[in-house]
There are 2 protein chains.
Amino acid sequence: MQAEIITIGDEILIGQIVDTNSAFLGKEFNKIGVSVYQITSVQDDKAHILKALKEAEENADIIIITGGLGPTKDDITKQTICEYFNDTLIENKSVLKNVEQIFSKYNAPLLTVNKHQALVPSKSKVLMNKYGTAPGMWMEKNGKVFVSLPGVPYEMKALIKDEVIPLLRSKFKFPYIIHKTLLTYGIGESALADRIEAWEDGLPGFIKLAYLPSLGRVRLRLSGKSNNKETLENELKQQIDLLRPQIEDVFVGYEEDLSIEAVIGKQLTEKEETLSVAESCTGGQIAKAITANAGASKYFKGSIVSYATESKINVLNVPEEDIASKSVVSKEVAETMAVNVRQLFKSDYGISTTGNAGPSKGESDADVGTVWIAIATQSGVHSKEYNFGNLREKVIIRATNKAFEMLQKEILKK
Amino acid sequence: MQAEIITIGDEILIGQIVDTNSAFLGKEFNKIGVSVYQITSVQDDKAHILKALKEAEENADIIIITGGLGPTKDDITKQTICEYFNDTLIENKSVLKNVEQIFSKYNAPLLTVNKHQALVPSKSKVLMNKYGTAPGMWMEKNGKVFVSLPGVPYEMKALIKDEVIPLLRSKFKFPYIIHKTLLTYGIGESALADRIEAWEDGLPGFIKLAYLPSLGRVRLRLSGKSNNKETLENELKQQIDLLRPQIEDVFVGYEEDLSIEAVIGKQLTEKEETLSVAESCTGGQIAKAITANAGASKYFKGSIVSYATESKINVLNVPEEDIASKSVVSKEVAETMAVNVRQLFKSDYGISTTGNAGPSKGESDADVGTVWIAIATQSGVHSKEYNFGNLREKVIIRATNKAFEMLQKEILKK
């Protein structure tokens, strides 16, 4: 069974926003065994939306439409859907009540356009939106399902989880889709492919392999699809058992549906250990990634972003003479930062980064892209130098990933 | 003139990655007067790619294809393009040399599959990739341009800026597209639309208006397109002159092609003033947003992410009795954090956040979503309490935006 996603809004096509809804939808659909055939982003334009709906109906069984449900004139999704289904808009009392409650909560005047949020196609099943005024709308045609949802990510996500997925499950019987992602480290994409070529050629047709290289790591993703869950699981297991001995030296683990920082969070919580961070070139990215996970307060004590050199001296007590003699991007400074932040925050682990993310050389002579990362524990401190290239964004992300990798190795050591 | 973007890769459709390339492309094309008609994300599947190419050729004059150019078997874009253009692959000596240089730099063995990166369609113009092995490829057909680019964001971005845009400019004469975005604050989308309805109805056909609500702000985006730059600029100016008096009480400025934190960075740099941050519930998000901008070291001294309550005491010297009597999410704690971080980092401004991002209540009795934000300057400290709802991600982002807004007001005061 296939789905198609249509995201509506000029703001997507002119690049004013990044469409993050589609990735969320892709993930959620895969979990219930539905493949996404295509994602199509179209303008707030009636003819264009109608064309996309028609094409999607040809390609897929489930069509999810996001965006264009606001109360203003540029939002035309609802009227266009009415036209597509040869339907008319009628007022829905429950939606009207929801709109009224939201406006009274914020003491905002309720205008006619707001009341129009309660107008829905007469043939639609209404999906109540807990976080906003635009309801979701479920339509059916020749056994195919069309669902129109607001484009605001948290409104859309809640509607998918609470309403759309349960309804789809009750309507259809889905095949099983299972992804297994193996993480490798320290080998290039093509060298890896060369090494496992014979194995890859022997994969059965219902299992696909993809190589996902990203900044120092290559993920191998096996995707299988079948109506028989047990057969699929067995076949995937057998294939992985064949593969593992061939990649044992570069294999670092399976990727769960979790980021590495979430996995670290789980491990620290289990071990009842804590972490603090001293960031220079990563500028808060490490702390931000950790605290994006609910429950981080159990294991994350805090971070010091000592961006200016003087802050490393004032706040982290890095000796001024070390900075003068070794430079601010050095083994010594990285290690002192890690040791001191660990002491300051009274944590089990202290990690630090100091480097030059570019674009120009900073208060050190280090080349753009040079980063020292250090880890301090009760038993000591160690560090390593990297060069992450000359693109600022890339340096920050690679340094963050690497710091998490080093930390995870350290946690698993014990 | 219209463009269409085709992004290729199963990883997009299963939601393993968010497609950020398309937003970048949308922005860059708009700058040169090319509208993006549609963004289509398709699978690594020959028939599907061929179908997308055919449809794009019907819709647009410029077709940009990203992804599927890696050396492994799942990457089939190059062969598929060859089939579409009835062409064959030939070895390109410059690309081969580039591949060899990259491999020798990293001391990696050069395999046959890597050498295949130098195979390009015989009819294509090669666009050299400075950051990777897969070249860009430029093909023409009936006056239409097809460009295939690697999906790795920094490789694609460099090829667009250095190669594709200059080539397009030399081949086509583009109309002018101008966007003006007005930022409003403190009024709902529909109340704003109601207020300016007569003005909106009077807009000429070549100027479109969009409302972009986002967490407390509504952006009004005027988009005009014309072959005559001067006429377009004049008309936009006249329309804005008509609009401004109607929204003066809620108008907070024009949005440049810059984030609010980048604008703050420019303002602080000009004034030669500095900033430090004490973050609790925003967990590093504020520091990360600031340091994403090159040159932040000129004005950003650093941040303390005092995530655990004890870190507020140990690291930021918040009196333990204040936390006990007023709670960790309180006016007093927020203000002390801002004052102390400003002193610790010796900066002109100190901003702080303390709150509960959820999902459960933390070490305070404050409701989920409650956030105190404080700003300290030489002349004193002030703070405000907010409630940003009960979705963790939203609370963090809204608190960050609000802190930047409060800071900007403070900077502009002087």
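Colleague: Among contacts in chain A between residues at least 6 apart in sequence, what share join residues at least 24 apart?

Modeller: 66% of them do. A contact here means heavy atoms within 4.5 Å. Before we go on, this is a predicted model, so local features need pLDDT of at least 70 and side-chain atom pairs count only at pLDDT 80 or more, while totals for chains, interfaces and linings use all residues. Residues are numbered from 1 along each chain as its sequence is written, chains are lettered from A and ligands numbered from 1 in the order in which they are written, and side-chain values use heavy atoms, with hydrogens and water left out.

Colleague: Okay. How many helices and strands does chain A have?

Modeller: Chain A has 16 helices and 17 strands. Those are DSSP runs numbered from the N terminus, with helices being H or I of at least four residues and strands being E of at least two. The C-alpha atoms of chain A fill a box of roughly 75 × 60 × 40 Å along the principal axes.

Colleague: And what percentage of the residues of chain A count as buried?

Modeller: 60% of the 414. Buried is under 20% relative accessible area, exposed is over 50%, and partly exposed is in between (1.4 Å probe, protein chains only).

Colleague: Now charges. How many salt bridges are there over all chains?

Modeller: A search of the whole structure finds 30. The criterion is a side-chain nitrogen of Lys or Arg within 4 Å of a carboxyl oxygen of Asp or Glu.

Colleague: Which residue does A:Glu393 pair with?

Modeller: B:Lys157, at 3.6 Å from N to O. A:Glu393 sits in helix α16 (residues 392–413) of chain A and B:Lys157 in helix α7 (residues 153–171) of chain B, so this pair joins two chains. A:Glu393 is exposed at 52% relative accessible area, and B:Lys157 is partly exposed at 26%.

Colleague: What about A:Lys402, which residue is its salt-bridge partner?

Modeller: A:Glu405, with the closest N and O atoms 3.0 Å apart. They are 3 residues apart in helix α16 of chain A, about one helical turn.

Colleague: Are A:Lys402 and A:Glu405 buried or exposed?

Modeller: Both are buried. Another salt bridge links A:Asp241 and A:Lys237, with the closest N and O atoms 2.8 Å apart. Those two are 4 residues apart in helix α10 (residues 229–247) of chain A, again about one helical turn. A:Asp241 is partly exposed at 45%, while A:Lys237 is exposed at 52%.

Colleague: Where does A:Thr282 sit?

Modeller: In the loop between β13 (275–279) and α12 (285–291) of chain A. A:Thr282 is buried, with a relative accessible area of 1%.

Colleague: Which residues does A:Thr282 touch?

Modeller: Leaving out residues up to four places away in sequence, A:Thr282 touches A:Thr353, A:Ile396, A:Ala399, A:Thr400 and B:Thr291.

Colleague: Last topic, helix packing in chain B. At what angle do α11 and α16 of chain B cross?

Modeller: Roughly 25°, and their axes come within 10 Å. Axes are lines fitted to C-alpha atoms, for helices over the stretch in contact, and angles run from 0 to 180 degrees between N-to-C directions. α11(B) and α16(B) are therefore roughly parallel; the cut-offs are under 35 degrees for roughly parallel, over 145 for roughly antiparallel, 65 to 115 for roughly perpendicular, and oblique for the rest.

Colleague: Which residues meet there?

Modeller: Among them are B:Ile260, B:Val263 and B:Ile264 in α11(B), and B:Phe404, B:Leu407 and B:Ile411 in α16(B).

Colleague: And how do α3 and α4 of chain B pack?

Modeller: Helix α3 (residues 46–59) and helix α4 (residues 77–84) of chain B pack at about 55°, with their axes 10 Å apart. α3(B) and α4(B) are therefore oblique to each other. Residues making the contact include B:Ile49 and B:Leu53 of α3(B) and B:Tyr84 of α4(B).
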